[in-house]
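Here is a short briefing on helix packing and charge pairing. Look over the structure first, then read the points below.

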Amino acid sequence: MDSPRREIAKLIGFTTLRYVLNSGISLVILYVFFKDKSIIKFSMIVYVTAFVILITLYLYFVINAKQEDYYLFFNMRRFLIQPIILILLLPAFYYQRLKR
């Protein structure tokens, strides 16, 4: 397995940058749809908590790269660089709004 051990700081930096960009764009999308600051505040808490948990797991898989853990490493990276959380939050907030 090709291990990115030599450039860990660069890998984590660019992954973090991509997460921050996706999170910012996702928060703007949520604001456009709902125009509710409490939803944005809650979403920010979700994004920060998810980042701390996911980047910790991602860093573990980067440092301890093993062939059998590659699938987990790939999925941690996917959650960090793609707007999957937005795909979960958008219908959840919409459903909550319908229930009111």
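α2 passes α3 in a left-handed crossing (left-handed if the near helix is turned anticlockwise from the far one by less than a right angle, right-handed if clockwise). This is a predicted model: local features need pLDDT of at least 70, side-chain atom pairs count only at pLDDT 80 or more, and totals for chains, interfaces and linings use all residues. Residues are numbered from 1 along each chain as its sequence is written, and side-chain values use heavy atoms, leaving out hydrogens and water.

**α2 against α3**
- Helix α2 covers residues 37–63 and helix α3 covers residues 70–81. Helices here are DSSP runs (H or I, at least four residues), numbered from the N terminus.
- The two pack at an angle of about 145°, their axes 9 Å apart. Axes are lines fitted to C-alpha atoms over the stretch in contact, and angles run from 0 to 180 degrees between N-to-C directions.
- On the α2 side, the contact uses Phe51, Leu54, Ile55, Leu57, Tyr58, Phe61 and Val62. They meet Leu72, Phe73, Met76, Arg77, Phe79 and Leu80 in α3. Contact means heavy atoms within 4.5 Å.
- By class, this contact of α2 with α3 has 12 nonpolar residues, no polar and one charged. Nonpolar covers Ala, Val, Leu, Ile, Met, Phe, Trp, Tyr, Cys and Pro; charged covers Asp, Glu, Lys and Arg; the others, Gly among them, are polar.

**α2 against α4**
- Helix α4 (residues 84–99) packs on α2 at an angle of about 150°, with the axes 12 Å apart.
- That makes α2 roughly antiparallel to α4 (over 145 degrees).
- α2 passes α4 in a right-handed crossing.
- Ile39, Phe42, Ser43, Val46, Tyr47 and Ala50 in α2 meet Ile85, Leu86, Leu89, Phe93 and Arg97 in α4.
- The contact of α2 with α4 divides into nine nonpolar, one polar and one charged residues.

**Salt bridges**
- The structure holds two salt bridges (a side-chain nitrogen of Lys or Arg within 4 Å of a carboxyl oxygen of Asp or Glu).
- Asp36 pairs with Arg97 in a salt bridge, the closest N and O atoms being 3.7 Å apart.
- This pair links distant parts of the chain: Asp36 lies in the loop between α1 (8–34) and α2, Arg97 in helix α4, 61 residues apart.
- Asp36 counts as buried at 18% relative accessibility, while Arg97 is partly exposed at 34%. Buried means under 20% relative accessible area, exposed over 50%, partly exposed in between (1.4 Å probe, protein chains only).
- Lys10 and Glu7 form a salt bridge through their side chains (3.7 Å, N to O). Glu7 is partly exposed, with a relative accessible area of 45%.

How values were computed
Angles under 35 degrees count as roughly parallel, over 145 as roughly antiparallel, 65 to 115 as roughly perpendicular and the rest as oblique.
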